[in-house]
Amino acid sequence: MRVHNIYADEQGESHFRDIEVEWAEEGPDGTTSKRFPAAGIIFRKTPGDWHFDWHTATRRQYVINLDGSHKITASDGETRTIGEGEVILIEDMHGKGHLSEALGKLRHSILIPVD
């Protein structure tokens with residue numbers, strides 16, 4: 001399972017990379033990963049015309065899109081569409097940040113802060 005990840009390098013430039021979730025245990029309810037740390041859960045609704053200009057992350061957090069997609073542009077110029085059902089780990093808390101925008105549809109997502 002892939003998790004998109006946006007992070008800032010030492011010069012403050014933001015970049016994407018992929019994190020592959022490793023499976024740790026198989027049981028009667030399916031296959032699971034190890035337990036990852038989290039500090040709660042936040043539900044969010046974002047309008048279809050949402051546009052958040054260049055900004056850094058306010059905290060490390062996973063964002064899970066439930067029923068819509070959005071586009072994120074890293075400061076190095078790479079743009080990714082984070083689709084319905086996909087996960088991104090936002091970690092660029094310093095530097096140039098990233099640009100986020102809706103793709104014309106109301107989107108529900110879950111934010112999971114990481115300490």
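Please keep in mind throughout that the model is predicted.

Let me begin with the sheet. It is an open sheet of 6 strands, and its order reads E2-E1-E10-E7-E12-E5, with mixed pairing. Which strands stand at the edges? They are strand E2, residues 14–20, and strand E5, residues 42–46; each has a single partner strand, so one side of each is left without a neighbour in the sheet. From one strand to the next, the twist averages 25°.

Within this order, I would draw your attention to strands E7 and E10. E7 covers residues 61–65 and E10 covers residues 87–90; the two run antiparallel and are joined by 4 bridges. If you wish to locate this pairing in the structure, find Val63, which stands opposite Ile88 in E10.

I turn now to strand E8, residues 70–74. Of its 5 residues, 4 are buried, so E8 is largely enclosed by the rest of the structure. Strand E9, residues 79–82, pairs with E8 in the antiparallel sense over 4 bridges. Here Lys71 has Thr81 in E9 as its bridge partner. The two strands form a hairpin with 4 residues between them, and in the turn Gly77 has a positive phi of about 100°. E8 also pairs with strand E11, residues 98–102, again in the antiparallel sense, over 5 bridges. In that pairing, the bridge partner of Ile72 is Ser100 in E11.

His55 lies in strand E6, which spans residues 51–55. Is His55 buried or exposed? Its relative accessible area is 13%, and a residue counts as buried under 20%, so His55 is buried. Leaving aside neighbours within four places in sequence, His55 is in contact with Asp92, Gly97, His98 and Ser100.

Next, consider strand E3, residues 23–27. How many of its 5 residues are buried? The count is 0, and the strand is hardly covered. E3 pairs with strand E4, residues 30–33, in the antiparallel sense over 4 bridges. The two form a hairpin with 2 residues between them, and Gly27 has Gly30 in E4 as its bridge partner.

Finally, I come to the aromatic side chains. A pair of aromatic rings is described by the distance of the centres and the angle of the planes. A search of the whole structure finds 1 aromatic pair. It consists of Trp50 and Phe52: their ring centres are 6.4 Å apart and their planes stand at 55°, so the pair is tilted. Phe52 itself is partly exposed, with a relative accessible area of 40%.

Two further rings have a charged side chain over the face. Arg17 lies over the face of Tyr7, at 3.9 Å from the ring centre. Lys34 lies over the face of Phe36, at 5.1 Å from the ring centre.

Conventions. Residues numbered from 1 in each chain as written. Predicted model: local features only at pLDDT ≥ 70, side-chain atom pairs only at ≥ 80, totals over all residues. Heavy atoms only, no water. Pairing = 2+ DSSP bridges. Axes fitted to C-alpha atoms, helices over the stretch in contact; angles between N-to-C directions. Phe/Tyr/Trp six-rings, centres within 6.5 Å; stacked < 30°, edge-to-face > 60°. Buried < 20%, exposed > 50% of the residue type's maximum accessible area, 1.4 Å probe, protein only. Lys NZ or Arg CZ within 6 Å of the ring centre and 35° of its normal. Contact = heavy atoms within 4.5 Å.
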